[in-house]
Amino acid sequence: MLSDDIRKALGPLNLEKVESGDYSKTGYHLEVAAKPAQMPEVAQAMLAQGCFLESLTALHFREHFTLVYHFAHYDELCRTVVHAMLPIGQKAPTISHIYPGANWYEREVYDLFGVRFTGHPDLRRILLPFDADFHPLLKEFEEIVEESESKANA
Amino acid sequence: MLEPLEEKRYVLNLGPQHPATHGVLRVELEMEGEFIVKADPDIGYGHRAHEHMAENRNYLQFLPNMGRVDYLHALAYNQGYCMAVEKLIGLQVPERAEYIRVITSELNRISSHLLWFGAFLMDLGAFTPFLYCFDDRENILDLLDRVTGSRLTYCYYRFGGVPQDIDQEFIDGCRAFVKRLRGRWKDYDNLVTKNIIFIERTKGIGVITKEQCMLYGLTGPMVRGSGIPYDIRKKEPYSAYPQFDFEIPVGENGDTMDRYLVRLREMEQSLRIIEQALDKLPNGPIMAEKVPKRIKPAAGEVYAAVEAARGEFGCYIVSQGDVKPYRIKLRVPSYANLSILPEIAVDTLVADLVAILGSIDVVVPEIDR
């Protein structure tokens with residue numbers, strides 16, 4: 001089983017979480033949590049298992065970003081998701097030297113969220129104009145708070 | 001005596017308004033004589049912020065957006081998004097609805113491939129095939145118009161099924177169309193596949209290895225052209241696909257010619273699926289019972305993948321227990337598929353780049369989202 005092989009390969013990396021997922025509910029066979037600094041090692045291990053990078057995106061929460069990496073395999077059905085919590089203001093290491101396909105995905109995450117990847121060869125905006133001065137998918141937490149407070153006061 | 005001209009590099013701008021880029025795609029080419037030294041695609045001209053829109057409306061309100069991401073195979077996107085939401089709220093789709101989804105989605109796939117066929121060959125300088133395939137494609141648009149109510153940007157599936165049943169006229173029309181298109185393959189082969197100019201323009205051009213497929217996360221006809229039989233319909237069966245008998249055509253060399261052949265053969269496989277689905281079409285409801293009027297999934301996340309005409313479309317939804325999704329990421333196939341262009345374009349001619357771009361089958365609005 002591929003998921004067992006991946007578990008074995010990820011074992012020595014001391015990750016926060018390596019658990020089997022509930023495929024019928026989430027579409028994941030394996031759920032992994034790692035630190036952003038561990039991502040190059042994780043990507044290397046996934047590549048050695050023959051997985052390809054399906055998608056890379058980010059989620060914006062109040063205290064942190066969560067980078068979400070999806071890996072899948074051409075021969076065997078096994079989708080692995082890796083969540084990496086990144087404190088706001090910090091940089092994550094790139095995996096584009098391992099998966100060249102990550103180059104554009106990381107540019108997209110930078111473009112939409114402003115997350116910077118260290119070691120990326122060409123971290124420019126990709127979807128928005130090069131001279132845009134905002135990152136559109138950042139949530140506006142302060143405004144939400146103010147709104148609910150003003151409602152409570154009214 | 002004339003001195004040989006000094007070799008100089010120059011920059012050539014392909015697009016954004018160029019007939020071979022199918023939408024607004026700009027490729028900045030660094031040239032040395034006739035050869036490309038560096039290619040840098042510049043995307044985003046048609047960015048409509050679909051993912052941002054998703055965060056500002058409820059689940060149902062976002063559904064029509066799905067017809068506008070990849071407008072050529074809109075029903076696959078409808079299906080991917082519906083599947084993700086159905087997974088999120090635990091909704092079971094009745095069998096008849098799944099069959100109808102398969103039939104309409106496969107029809108849509110053929111129409112997408114037919115348009116690609118015409119446009120690709122037009123890029124290579126052949127105008128006539130375009131007229132043939134648009135003649136065929138028109139039949140599909142009429143058929144889909146009948147059930148979905150639109151000829152493009154379909155929004156036909158709903159959470160839990162489909163809103164309108166298919167009728168006998170549609171079924172007869174499908175059968176007539178299957179018969180008609182089967183009779184056309186010979187014409188297509190004679191007109192294009194055996195054409196010596198076409199062969200010279202595509203054989204050995206834009207070769208992609210299996211290794212490159214993996215590194216760039218390519219999907220769809222791009223990997224199948226390179227000999228990897230990766231098709232979500234088989235590898236990660238969804239909807240009613242496990243009940244049909246069909247093959248995954250694969251190429252050998254991973255060149256432009258192979259990607260062409262894969263798509264051409266895929267259309268025949270889609271016809272087979274449609275035929276079987278029409279034969280086995282079960283009776284019953286087309287909509288799940290008890291579809292909640294207000295969709296408010298519990299906190300959690302879900303990833304659902306479908307095989308669209310260009311590759312894997314993945315819909316990643318994160319819910320925080322609200323009526324609006326917290327985040328929707330659309331994993332679109334053309335994005336990864338185009339990202340390999342800088343690597344395979346090096347040392348080719350501009351004319352070859354046009355052939356390669358055509359064989360990637362990019363739909364730029366899908367990349368831009």
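Which residue's side chain does Asp70(B) meet in a salt bridge? In this predicted model the partner is Arg310(B), with 2.9 Å from N to O; a salt bridge here is a side-chain nitrogen of Lys or Arg within 4 Å of a carboxyl oxygen of Asp or Glu. Asp70(B) sits in the loop between helix H2 (59–62) and H3 of chain B, and Arg310(B) in the loop between E4 and E5 of chain B, so the pair ties together parts that are 240 residues apart in sequence. Over all chains, the rule gives a count of 40 salt bridges.

A word on conventions. Residues are numbered from 1 along each chain as its sequence is written, and chains are lettered from A in the order in which they are written. Because the model is predicted, local features need pLDDT of at least 70 and side-chain atom pairs count only at pLDDT 80 or more, while totals for chains, interfaces and linings use all residues; side-chain values use heavy atoms, with hydrogens and water left out.

Strand E5 (residues 311–319) of chain B is joined to E6(B) by 5 bridges, the two running antiparallel, and Gly314(B) stands opposite Arg331(B) in E6(B). Contact means heavy atoms within 4.5 Å; axes are lines fitted to C-alpha atoms, for helices over the stretch in contact, and angles run from 0 to 180 degrees between N-to-C directions.

H3(B) also has a helical partner. It packs with helix H4 (residues 95–123) of chain B at an angle of about 145 degrees, with the axes 8 Å apart. H3(B) brings Ala74(B), Leu75(B), Ala76(B), Gln79(B), Cys82(B) and Glu86(B), and H4(B) brings Arg101(B), Thr104(B), Ser105(B) and Asn108(B). Sorted by class, these residues are 4 nonpolar, 4 polar and 2 charged, where Ala, Val, Leu, Ile, Met, Phe, Trp, Tyr, Cys and Pro count as nonpolar, Asp, Glu, Lys and Arg as charged, and the others, Gly among them, as polar.

Chain B has another open sheet, with 3 strands in the order E1-E2-E3 and antiparallel pairing. Strand E1 (9–14) and strand E3 (35–42) of chain B stand at the edges with a single partner strand each, so one side of each is left without a neighbour in the sheet. Neighbouring strands are turned by 20 degrees against each other on average, direction ignored. E1(B) and strand E2 (residues 26–32) of chain B run antiparallel and are joined by 6 bridges, with Arg9(B) opposite Glu32(B) in E2(B).

Two loop residues of chain B have positive phi without being glycine. For Ser239(B), phi is near 50 degrees; this residue lies in the loop between helix H11 (232–235) and helix H12 (256–280) of chain B. For Lys290(B), phi is about 55 degrees, and its place is the loop between H12 and E4 of chain B.

Turning to chain A, its secondary structure comes to 5 helices and 7 strands, and its C-alpha trace spans about 60 × 35 × 25 Å along the principal axes.

The contact between the chains takes 47 residues from chain A and 41 residues from chain B. Together they bury about 3700 Å², 57% of it on carbon and sulfur atoms; buried area is the accessible area (1.4 Å probe) lost by two parts on being put together, summed over both. Tyr74(A), Trp104(A) and Leu127(A) supply 23% of what chain A buries against chain B, more than any other three residues. The interface holds 6 salt bridges, including that of Arg79(A) with Glu312(B) at 4.0 Å, N to O.

Terms used
Pairing = 2+ DSSP bridges. Helix = DSSP H or I, 4+ residues; strand = E, 2+ residues; numbered from the N terminus.
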